[in-house]
Amino acid sequence: MSEKIDQIVEDLKTLTLLEASELVTKIEETFGVDASAAAGGGMVVAAAAPAEEVEEKTEFNVMLDEVPADKKIAVLKVVRGLTGLGLKEAKELVESAPKQVQEAVAKDAAEDAKKQIEDAGGKASLT
């Protein structure tokens, strides 16, 4: 190791617990990292992305998660209406659940589709 690194390690050995805690806090603030992750009993400093505004998701995929056997026909009708698929294709989609029904749709449309599927007796989710 370089002499500079060796000197830093020697300086760290002389710190009190309070000083070490303050050092960790300062490093976290200065470099935007999180030192709370531990692996194998040792402390690991994990790099964190700089604080950015989290963009709200605007497009969603509608997933058909589950279709009870007694609700298959009702869900099939809803899926046909949502996708424009023919009877055979919609039937295959419903029978192969979990399956994506719609891709990259607006939040309101996705929530509406999910509600329609659930009202028909199926289970749906947004991803």
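In what order do the elements of the chain run from the N terminus on? I read the order as α-α-β-β-β-β-β-α-α-β-α-β. I counted five helices and seven strands in the chain; helices (H or I, at least four residues) and strands (E, at least two) are DSSP runs, numbered from the N terminus.

**Basis of the entries.** I am working from a predicted model, in which local features need pLDDT of at least 70 and side-chain atom pairs count only at pLDDT 80 or more, while totals for chains, interfaces and linings use all residues. Residues are numbered from 1 along each chain as its sequence is written, and side-chain values use heavy atoms, with hydrogens and water left out.

**Confidence.** I looked up pLDDT, the predictor's confidence in each residue, from 0 to 100. The chain averages 83, and 83% of the residues score at least 70. Among the elements, α5 has the highest mean pLDDT (93), and strand β2 (residues 38-39) the lowest (45). Over residues 38-44 I found pLDDT below 50. Beyond near neighbours in sequence, this stretch has six contacts in the model, a contact being heavy atoms within 4.5 Å. Where pLDDT is low, the predicted coordinates should not be read in detail.

**Helices α3 and α5.** I examined the packing of α3 (residues 72-83) with α5 (residues 107-119): the angle is about 160 degrees and the axes are 8 Å apart. Axes are lines fitted to C-alpha atoms, for helices over the stretch in contact, and angles run from 0 to 180 degrees between N-to-C directions. The angle therefore makes α3 roughly antiparallel to α5 (over 145 degrees). I noted the crossing as right-handed, that is, the near helix is turned clockwise from the far one by less than a right angle. From α3, Val75, Val78 and Leu82 make the contact, and from α5, Ala113, Gln116 and Ile117. I classed five of the contact residues as nonpolar, one as polar and none as charged. Ala, Val, Leu, Ile, Met, Phe, Trp, Tyr, Cys and Pro count as nonpolar, Asp, Glu, Lys and Arg as charged, and the others, Gly among them, as polar.

**Backbone.** I found a cis peptide bond between Ala97 and Pro98, with omega about 5 degrees. Pro98 is in the loop between α4 (87-95) and β6 (99-106). In strand β6 lies Ala104, a residue other than glycine with a positive phi, near 50 degrees. Ala104 is partly exposed, at a relative accessible area of 38%.

**Whole chain.** Buried residues make up 19% of the 127 residues; buried means under 20% relative accessible area, exposed over 50%, partly exposed in between (1.4 Å probe, protein chains only). Among contacts between residues at least 6 apart in sequence, I noted that 58% join residues at least 24 apart.

Conventions: Angles under 35 degrees count as roughly parallel, over 145 as roughly antiparallel, 65 to 115 as roughly perpendicular and the rest as oblique.
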